[in-house]
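The exercises below each set a task and then work through a solution step by step. Please keep the sequence and the model in view while reading.

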Amino acid sequence: MRALRLERDGEVLRVTLSRPERRNAFDSALIAELTKAFADVGDARAVVLAGEGESFCAGADVEWQRAAIDLSFDENVEDAMRLYRMCDAIDRCPAPVVARVQGYALGGGSGLAACADVAIAARDAVFGFSEVKLGIVPAVISPFVLPKIGAHARRYFLTGERFDADTALRIGLVHEVVDELDAAVNRVLAELLASGPQAVREAKRLIRERPAGEETARIAAGLRTGEEGQEGLRAFLERREPGWR
């Protein structure tokens with residue numbers, strides 16, 4: 001992979017956008033590589049999504065946008081679907097995804113933050129859904145952004161204005177704004193790794209699928225009677241650390 005760097009750090013998979021000279025902007029290669037990376041994260045207990053250099057992701061690459069001008073309607077649909085499949089792969093990743101956001105996170109970069117389970121931003125991070133400034137809209141990323149920012153999209157999708165990390169926190173796009181980005185990411189990773197590996201994945205699935213009634217009872221019973229649930233409950237009662245720690 002030329003546009004992406006994958007590193008296994010113990011039980012954590014680190015996925016780093018590696019186009020710092022282009023502020024990690026999307027092109028077709030980066031989209032394909034991100035989709036492939038998140039399609040199979042193996043047994044990783046957490047995934048950190050980051051951008052190399054001064055920016056997280058500045059949205060769409062200028063050359064990629066230039067090439068899209070000459071595409072037909074059907075070709076544009078397929079091109080947009082590739083971006084959607086990338087976002088969907090991140091959103092559906094069975095392991096929890098932690099976004100480490102610094103510098104520019106514009107357009108699709110803000111979309112990446114929305115796809116993550118936990119998004120942590122540096123104070124210098126700059127966000128925005130600037131598509132309307134180009135006469136287009138953030139349609140493809142909207143299924144992932146709207147559940148996060150809700151009615152705030154009525155301002156930021158329409159104006160295309162840039163906003164700071166504190167605003168991103170206020171509207172729900174990120175979960176935390178910090179001075180020490182790596183320390184904050186490591187703290188969240190420590191919390192994730194202290195929890196049952198299967199339980200964390202099942203919790204993520206629960207959030208996505210939102211079951212009701214008897215199905216919720218079956219899920220709870222299955223985990224309580226399973227090996228991991230039994231170990232966790234016994235460890236708690238016996239005042240010891242569970243085996244996964």
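**Exercise 1.** Which order do the strands of the open sheet of three strands have, and with what pairing?

*Solution.* This is a predicted model, in which local features need pLDDT of at least 70 and side-chain atom pairs count only at pLDDT 80 or more, whereas totals for chains, interfaces and linings use all residues. Residues are numbered from 1 along each chain as its sequence is written, and side-chain values use heavy atoms, with hydrogens and water left out.

Begin with the order, which is β5-β7-β8, with mixed pairing; strands are DSSP runs of E with at least two residues, helices are runs of H or I with at least four, and both are numbered from the N terminus. Two strands pair if DSSP finds at least two bridges between them. Next, look at the edges: β5 (104-106) and β8 (162-164) each have a single partner strand, so one side of each is left without a neighbour in the sheet. Then follow β7 (residues 126-128), which runs antiparallel to β8 and is joined to it by three bridges, with phenylalanine 127 standing opposite phenylalanine 163 in β8. Finally, helix α4 (residues 108-115) packs on this sheet and touches β5 and β7, where contact means heavy atoms within 4.5 Å. The direction of α4 makes about 90 degrees with that of β5.

**Exercise 2.** Describe the open sheet of six strands, from its order to its pairings.

*Solution.* The order is β1-β2-β3-β4-β6-β9, and the pairing is mixed. At the edges stand β1 (4-9) and β9 (176-178), each of which pairs on one side only, and the twist from one strand to the next averages 20 degrees. Consider β1 and β2 (residues 12-17), which pair in the antiparallel sense over six bridges; here arginine 5 stands opposite threonine 16 in β2. The hairpin of these two strands has two residues between them, and glycine 10 takes a positive phi near 65 degrees there. By contrast in direction, β3 (residues 46-51) and β4 (residues 97-101) pair in the parallel sense over three bridges, and the bridge partner of leucine 49 is alanine 99 in β4.

**Exercise 3.** How do helices α1 and α3 pack, and which residues meet?

*Solution.* Start from the axes, which are lines fitted to C-alpha atoms, for helices over the stretch in contact, with angles running from 0 to 180 degrees between N-to-C directions. Helix α1 (residues 28-39) and helix α3 (residues 73-91) pack at an angle of about 30 degrees, with their axes 8 Å apart. The two helices are therefore roughly parallel to each other, a term for angles under 35 degrees, while those over 145 count as roughly antiparallel, 65 to 115 as roughly perpendicular and the rest as oblique. On the α1 side, Ile31, Leu34, Thr35 and Phe38 meet Arg82, Leu83, Arg85, Met86, Ala89 and Ile90 in α3.

**Exercise 4.** How do the axes of α10 and α11 lie, and which residues are in contact?

*Solution.* The axes of α10 (residues 214-225) and α11 (residues 227-237) come within 4 Å and cross at roughly 70 degrees, which makes α10 roughly perpendicular to α11. Leu223, Arg224 and Thr225 in α10 meet Glu227, Gly229, Gln230 and Leu233 in α11.
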